[in-house]
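Let's take a walk through a protein model together. Keep the sequence and the 3D view open, and follow along as we go.

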Amino acid sequence: MNISEQIPPAWREALAPTLNLPQITKLENFLQQELQTETIFPAQANWFAALDGLSPERIKVVILGQDPYHGAGEAHGLAFSVPHGVKTPPSLRNIWQELASDLGVTPPGHGNLMGWAAQGVLLLNTSLTVRADCAGSHAKQGWDLISNAIIQHLATTQKGLVFLLWGSHAHKRAELIDATQHCVLKSAHPSPLSAYRGFFGCKHFSSANTYLIENQKTPIDWASA
């Protein structure tokens, strides 16, 4: 297995130093073994779906997740998103609730967020794979080196981005971002276990658009998911 070959071309040069680390070889060996003995989500073709068609200079907003969904048919490579026809998970239902409260947006009848990605929203999980029905099972295998490299590359080569960091896991990535060059917004995670501790009422969607407009960028049409 060669992870480098699966990364979209627009990102390969930026991530090359990280992909050459010995820890990535260990990650590749781990994933190869997992594929032989376990069910892994998302499908291998979608491991880097968050980066597909979204070169670094096109990104305006980064929403950072943790694990892919670990239920059958749910994960398709974009954080918090599910394919059309799949029941909307609880965290995403809470995201819709906050969006409705913040901007008066009526949630769509689906949970597919590719419409956000098409506008320059990077929906990135810090771990890009997970074992079926086993949350966190790939969290300490090396994926964080790649996701951190993506965040750091964006933070150092772009200006005026919005980083939405939901939950303590995402908050740790704030140290990779110069808050004088970007907008860093933190809140509780939208999970039902924590959404009432600060995600609801955070108004991150309107705040993100205000910042983008102030930096001469087109705001996100959050209704077009």
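Start with the cysteines: this structure, which is a predicted model, holds zero disulfides. A disulfide is a covalent bond between the sulfur atoms of two cysteines. Take C202 and look for a partner. The closest cysteine sulfur belongs to C183, and at 12 Å from the sulfur of C202 it's too far for a bond, because a disulfide needs the two sulfurs within 2.5 Å. C202 itself is buried, with a relative accessible area of 17%. Compare that with C134, which is partly exposed at a relative accessible area of 30%.

Now find helix α4, which runs over residues 90-103. Its 14 residues reach 20 Å from the first C-alpha to the last, close to the 20 Å expected at 1.5 Å a residue. Which residues of α4 are buried? They are S91, L92, N94, I95, W96, E98, L99 and D102. And what covers them? The cover includes helix α5 (114-117), strand β5 (162-166) and helix α8 (204-214).

Last stop: a pair of helices. Helix α2 (residues 9-19) packs against helix α6 (residues 143-157) at an angle of about 130°, and their axes are 10 Å apart. That angle makes α2 oblique to α6, and the crossing is right-handed. To see the contact, pick out W11, A14, L15, T18 and L19 on the α2 side. Facing them from α6 are L145, I146, A149, I150, H153 and L154.

Conventions. Residues are numbered from 1 along each chain as its sequence is written. This is a predicted model: local features need pLDDT of at least 70, side-chain atom pairs count only at pLDDT 80 or more; totals for chains, interfaces and linings use all residues. Side-chain values use heavy atoms; hydrogens and water are left out. Buried means under 20% relative accessible area, exposed over 50%, partly exposed in between (1.4 Å probe, protein chains only). Helices (H or I, at least four residues) and strands (E, at least two) are DSSP runs, numbered from the N terminus. The expected span of a helix is 1.5 Å times one less than its number of residues. Contact means heavy atoms within 4.5 Å. Axes are lines fitted to C-alpha atoms, for helices over the stretch in contact, and angles run from 0 to 180 degrees between N-to-C directions. Angles under 35 degrees count as roughly parallel, over 145 as roughly antiparallel, 65 to 115 as roughly perpendicular and the rest as oblique. A crossing is left-handed if the near helix is turned anticlockwise from the far one by less than a right angle, and right-handed if clockwise.
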